[in-house]
Amino acid sequence: LAWALWLSLVILTLSGAARGETARVWSFFTPFVLVAVSALVMGNRGSWTLLSASLAAMFMAITPTWVVFGAEEMPPMPQPTRYVLPMFSSTQIDFDGQMALTEWDVVSYVQGNRVIVWLRWQAAQPMTTPYWFSALLVGPDGAPVGESVIWQGQQTDYPTTCWQPGEVVTDNVTLTMPDDADAGDYWLSLAVFADEADPSVRLPVTLPDGTQDTQVGLGPIPLP
């Protein structure tokens, strides 16, 4: 049992399943870890009194954190001034019933040829997969501009496994334009997938008009 527990923790850590859930996972397993340590180190000669004292000390140590776990949501970071594309300021794009893109807008690139796209998602149900997002700019001529940017929710700080049904999550992605980029209307190809190693297998997308695809084109994004 002790070895099985340690193997489970190693698998959780190496697989990344505990990402974003680390504190909760380890808090749950801590009493069992102490039991495993007792079994491995002390064997049949172990002192249950010592083990009980260790458990009591552990619970006393984590008691102050209960207030933190129940704390109200912290206010979001201030967002930079941006212009909103009215045509797409509100939408409802469904990603396989897992989540919906409800709003998006763009920060005009001024320094460093950057385009910052803000995305507002709403979770439809609990998700057990830490989904990845992909964004690719497409130029006025229909050709891709640069490479796709791949990321997880809020740069892995808040993956989709943490999203609650009905929760609205704001995220953003920064794309860099080449210095010789042509002026005109650009589009952003946005996709969601489960396996970082195989981004070609994407979640089906249903647009507001019922059209289905494996990605959604957001735009036009006018760039001077």
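Predicted model: local features only at pLDDT ≥ 70, side-chain atom pairs only at ≥ 80, totals over all residues.
**Entry 1: the chain as a whole**

I began with the secondary structure and found four helices and 10 strands in the chain. Read along the sequence, the pattern is α-α-α-α-β-β-β-β-β-β-β-β-β-β. I then looked up burial and surface: of the 224 residues in the chain, 33% are buried, while the accessible surface comes to about 13,500 Å², with 61% of that area belonging to carbon and sulfur atoms. For contacts with a separation of 6 or more, I noted that 64% are between residues 24 or more positions apart.

**Entry 2: the sheet of six strands**

I followed the strand order in an open sheet of six strands and wrote it down as β6-β3-β2-β1-β8-β9, with antiparallel pairing. The strands β6 and β9 (212–213) stand at the edges with a single partner strand each, so each has one side left without a neighbour in the sheet. At the β9 end I checked the pairing with strand β8 (residues 205–206), and found that the two run antiparallel and are joined by two bridges. One residue I looked up there was T206, whose bridge partner in β9 is Q212.

**Entry 3: the sheet of four strands**

I next traced an open sheet of four strands, in which the order is β5-β4-β7-β10 and the pairing is antiparallel. Its edge strands are β5 and β10, each of which pairs on one side only, and the twist from one strand to the next averages 20 degrees. Between β7 and β10 I recorded six bridges in the antiparallel sense, and I noted L223 in β10 as the bridge partner of G184.

**Entry 4: the nonpolar core**

Which residues touch the most other members of the largest nonpolar core? I found F95, M99 and W121 in that position, in a core of 33 residues. At least two residues of this core come from each of β1 (93–95), β2 (99–107), β3, β4, β5, β6, β7 (184–193) and β10 (216–223), and β3 gives the most, with five residues.

**Entry 5: the aromatic pairs**

I turned to the rings and noted that the structure holds four aromatic pairs. In one of them, W121 and F133 are tilted, at 5.1 Å centre to centre and with 45 degrees between the planes. Because W121 lies in strand β3 (residues 114–123) and F133 in strand β4 (residues 132–138), the pair ties together parts that are 12 residues apart in sequence. Are these two residues buried or exposed? W121 counts as buried at 0% relative accessibility, and F133 is likewise buried, with a relative accessible area of 0%.

I also looked up the pair of F133 with W163, where the ring centres are 6.3 Å apart and the planes lie at 20 degrees, so this pair is stacked. The pair links distant parts of the chain, since F133 is in strand β4 and W163 is in the loop between β5 (144–152) and β6 (168–176), 30 residues apart. I checked burial here too, and both F133 and W163 are buried.

Finally, I noted that F95, W121, F133, W151 and W163 form one aromatic cluster; of its members, F95 and W121 are also among the residues that touch the most other members of the largest nonpolar core.

How values were computed. Residues numbered from 1 in each chain as written. Heavy atoms only, no water. Phe/Tyr/Trp six-rings, centres within 6.5 Å; stacked < 30°, edge-to-face > 60°. Buried < 20%, exposed > 50% of the residue type's maximum accessible area, 1.4 Å probe, protein only. Pairing = 2+ DSSP bridges. Core = buried A, V, L, I, M, F, W, Y, C linked by side-chain atoms within 4.5 Å. Contact = heavy atoms within 4.5 Å. Areas by Shrake-Rupley, 256 points an atom, 1.4 Å probe, with all protein chains shown as cover. Axes fitted to C-alpha atoms, helices over the stretch in contact; angles between N-to-C directions.
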